[in-house]
Every structure is written in C-alpha cells, then in structure tokens.
Amino acid sequence: MIEIQQLSKKYKDAESFSVSNLDLSIAEGEIFGLLGPNGAGKTTLISMLCSLIKPTSGNFLIDGLTYKKSKNQLKKIIGIVPQEYALYNSLTATENLIYFGSMYDIKGKLLKEQIALALKNLGLEKFANKKIGTFSGGMKRRVNLIASILHQPKVLFLDEPTVGVDVQSKNVIIEHLKELNRKGTTIIYTSHHLNEAEHFCTRVGIIDHGSIISLGKPKELIQGFAEANNLEDVFITLTGKALRDHA
Amino acid sequence: MHKLWASTYKEILLLIRDFGGLVILFVMPLVLIITITLIQDSTFKTVNDTKIPILIVDQDKGVISETILSDLKASESFEIILEKDEADAKELVFKGDYQLAIVIPENLSIDLTKKIDQNVEGILAKFGIEEEEVKQVQELTKKEVMLFFDPATQQAFKTSVKNGIDKMISKIETAAVYKAFQQQLTDDASEVIFETDSFISFKEIMPVKNDKELVPNSVQHNVPAWTLFAIFFIIVPLSINIVKEKSQGTFVRLRTNPVSYATVLGGKTIVYLTVCLLQFVFMLLIGVYLFPELGLPRLDIANRLPMLLLVTVFSGLAAIGLGLLLGTVAKTQEQSAPFGATFVVILAAMGGVWVPVFAMPKVMQALSNLSPMNWGLNAYYDVFLRNVTFVEIVPEISLLLLFFISTTLIAIVYNEKKNAV
C-alpha cells in the first residue's frame, strides 16, 4: 500500500537530516506504529506522506499514486488525524464535520448519515450540536478523528491520536480504529504510548535520527532482546535513556 | 461549487458566532462616520452654531476697531471677549486658553484717516483741484494689527483668520479713501460721487442634475471618505481570520484535503464582501435618516444607488484582496492586526481621505495614485459630487478590480510556494 524509497528531509538552516534515506514498505491492512523519541523524525515522515511538506529527496507511492503527479488524487484516498485538534471552536461538532466532509465532495443526506453514525460510534451523538469550544480534550480528539475518516480513506495517518485524553476516550478511539482497520483501512500511527502501540499495532518501526533502526511485529522485537519484557524495554535499549529535548 | 458554498457557509457561521467581532465590524464604522461628520460639519456650514472665543485688545477705540469688532460679530464664528492688557491677552493665548488674540493698536483710526487725507490732498493738488495750500506732510508711523495664535492652532485656521482680518482692513482702508475724496470734492454729504459697492463679485457654479444644483456638504464629502476607510478596515478581521486558521490547525487539515487555496479564499471573499456591502448600506441609512435628526444635512443618494453599490463592490474587493494577502503572509495575529490597521491609515492618508490630494506635496500626489483608497475615493466623489455616468468610473473600478486580482493571486502563489510539495 505504501512504498517509501530513499526518502530524506533536511529543513532549511538545520544541521542534519530529520529523515535520512528512509526505505519502508507498509502492506494493505496493516496497523503500522511509527515509534521514536522526540525529534526522531516521526512527524516529519508523516507530514511528507500527507503532502504537507516537500521531501528533500527520494520518493514514495501510496496505492500506486505519487505526490509529484497525483497530489489531488492522493489527498482523496488518505486521511490525517493531526496532533492539533484542527477544529473550529465556535462551530458545533456537526457543523465542523459537515464542513470537512464537504471538502471531500460528500454532500446531502449521505454526509449527514455518515456524521450521525460516526458520532454515535464514538459516543458523541448527544453532543452533536454543541460547540467544540465546550468539549473536553477527549471529546475533541474523537471529533478530530471523525473529521479525518468521513471520506473512508484507504490509508489513515494518526499523529499521536490519544495524547492527553482519558482512558475511556482512548479505549473508544483505539476500538474504533481497529474497526476501521477490519474494514480495510491501512493505519499508520505515531505515539509515545508504547504499551498502547504494543497491543494495537500489527507491526512497528522504531525511528531515531531520521532512520528506521528496528522493524517488525511487536512480539518479535521483544523476543529479539533477551532482557526486554515489553516494547518499552526494546525502545529504551535501542534509543538510550538520554533526554531528547529539542527546540 | 459545493466546496465553495461549504467554505462560505462556514465563514458565515464563524462570523455570526463572534458577536464582539460582529459589533466591531458594523457598529464601529457607524460611530466613526457619525463622529467625523459631526466634527467636520462646521467646516461646511455657512452659519455655525459653535463660536470660537477670541480676545480683542482694543487700544484704538476708533472707527476701525468698531468696524473690526462688528464684522467679527457679524461673522457669527467668534465669541468676542474684550481684554484690556496686551500682555495678559498674549499670555492667555500662549497658554492655550484661547486660540487667538487680536491687538488693535492705539490711534489706528486717527492715523489712518490722517494718512489717507494726506494722500488724497496730495493727489487732488496734482490735478489742481485742491484749492487751499497743501498742508505740511506729517510723518506717521506704520501701524500693525497684531495677531497672537495658540501655538497648537492649525495652520489652516491661522491662514483663514489672517485672510479674513486682511480683507476687513482693506475694506476699511478703501472706504476711508472714498470718504476722503467725497469730503474733498463736495460739501454736500448726501451727494453720491462714488458707487462704493463692490463691482466684482463671486459666483460658485455647481454641477446641476435635473435642474437642481448639487451643493456639496459635509455629509456628501464625509460619507464616501469614511465609508471607504471603514471598508478597508476589513483587512484587519480578515487577516486575523486567516492567521487564526493557521494557528489553530484547521489550515493544516485543509491543506491535506482535496480543496484548493483559491476555494478557501473564495468563501472568505464572498462573506467579507457581503459584510462590506452591509456596512455601506448601514452607512447610507445613517446618512439618509439619522444625520438630519442630528442637525446634519441629509445624504443625497437620489438615482445614485446602483453606481454607489458598484463602487462599493469593487472597493470591497480591493480591501479583501489586501486582507487575503496579509493573512497569508503574516504568521501571527500580532503581525497582522497592527500592520493591517496601520497600513489602512497610511493608505487613507495617501488616498486623500484626510488631506485632499491636490494639497499634498508633488511626491505624495504621485504616490497617492498608487493607493486603492484614492481610486475608490475618486469613484465615490465622481458619483456623489460630480454626477458622472458609469463610463466615467470604469477606470477607477477597473483599477480596484485589478488590485483585488493581483493581491489574491500573489496570496495564492505565495501559499503554494511556501507549502510547495
């Protein structure tokens, strides 16, 4: 589904590459976890795949489409759940979703039905006509997710979709993502919640300094390190304990 | 089309949900236009209710000072306060308590009469008309009417007062000359030798529409100028709207959606253009219905409405284009809001909203041609005051349209370049 070839990104004035000659294949129907410390290159990689930033070099294909030739087509088959809430606070949940759904040319009854169903599935039907500004962080995260899946994307990118939400909201989001995946959506997900990733992802890639340093199914990775009991142990072994603060 | 409509509907919702912003958008321009028109109305009124208090130090106590005093009173522009001491008057004016003091020197009337009598006698003697021997010419010191102005007084007011006093004195001198000749040439005071009424008079010819003179007034001048100013202020909320989208993340989402930046801007353009038109309609209603209640002249829009709306549409588009560009380029609200507000003031100044373009230095006159507010203002004046046809405003509205197209295109290209993928 996704083929990444020698993809690199160096920001203007940066000393080093944020993503460096990265090769990666993600198959259709996978839930792929992209894990790494702060500044490792996760968001940069996802931003390139979502056509938000331009790669310095290399290429990638999503469902056979390349950003260079088929940017608009590509946008129609992918969905992005950004780190920010990316919603209008003074609009209601339904108004936000009607607007973002319309951007995919979904209209009329179909759009309204899809919105109602998604709100119900994510436990928000009672708040459909409430303004986003009155929502808790967890509720906003759920609406943020719905806004990205109304057009039923083939590939869904999620940049830390459960950060700052309560356990209940997190469970609802993860369950819904699993349901989407069962229906055929390929999911690429970044998170700092390694326990969540261990149970949610079918395969993970640990990225550091712009390169994938480990790749495989969570259980295989854990088994690959004798002293590792979980994915977090693997992660610490591979990336070290030093702080990764960056500005 | 569906995406454009959705964008437009979203912008409408965002606007009407921001009640404070809505009030600012619609009420502030009305407050501005009422305030400015009330203040500037006195400039246009021939009979002014507001009198400026001025000090007069009358050391002359003669015919001339009486004439100056009566003329000043007759002008109904000044409240005359007599002050005995010149130094006190000077101090009061320089402290800013009064804007003006006029000091009429001692013996002005007597000396002027003497001077004129001497001149007249001299002239008549040359013609051999003077029977008696010409008296010994007495040396008279030149007299000065002194004017003290508050240093904060504007130059325009100073010039106007100086011209007024100068005219009064010339009139008195001329009358005195005529009187001296009259006395020398006849003993009969009732005999009219000279026609002393002015031979040359002025008549201002106004544009005429339907046999009716179009007399400009403060309202006809101020409504277009300040309406345009208010319309251009739309660049502030519009640019903030765009910057806000960038900072709250919705713009990032839109960039990943299959929608063009032009469509996103199109929705904003439609909504903010509607706002401009509504602002204009409200201002017209104020001019037509509220101004007469405030003692101001009624705004005359008879047969002008379609052309006025046309000028407003194009002026609004020019303002919106600028707002779209500013919002696209600015990274924060702290950049867009102060820059937008200041830039509008600069464009207004360059465009002739405050000082007429003809009164500007040559460089500024040339620069004013670059201000879209100048094009808009000329188009409004053409319609409001010059009674022109549609063809005559085509150059101005074409420039406004071109400005909108250019700024919007620059915004789109800038956005594409900046976010090039």
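Good morning. I begin with His192(A), which sits in the loop that joins β8 (186–190) to α7 (194–200) in chain A. Helices (H or I, at least four residues) and strands (E, at least two) are DSSP runs, numbered from the N terminus. The model is predicted, so local features need pLDDT of at least 70 and side-chain atom pairs pLDDT 80 or more, while totals for chains, interfaces and linings use all residues. Residues are numbered from 1 along each chain as its sequence is written, and chains are lettered from A, ligands numbered from 1, in the order written.

Glu160(A) is 32 residues from His192(A) in sequence, yet their C-alpha atoms are 7.3 Å apart.

I turn to the contact between the chains. Chain A gives 28 residues and chain B gives 20, where contact means C-beta atoms, placed from the backbone, within 7 Å. On the chain B side, α1 (2–17) and α9 (250–256) each supply at least two residues, and α1(B) has the largest share, seven residues.

Finally, helix α15 (390–418) of chain B has 29 residues and spans 41 Å from first to last C-alpha, close to the expected 42 Å, which is 1.5 Å times one less than the number of residues. Among the buried residues of α15(B) are Ile393(B), Phe403(B) and Asn415(B). Their cover includes α10 (261–293), α11 (305–329) and α14 (372–384) of chain B.

Terms used
Contact = placed C-beta atoms within 7 Å. Buried ≥ 20, exposed ≤ 12 C-beta atoms within 10 Å, placed from the backbone.
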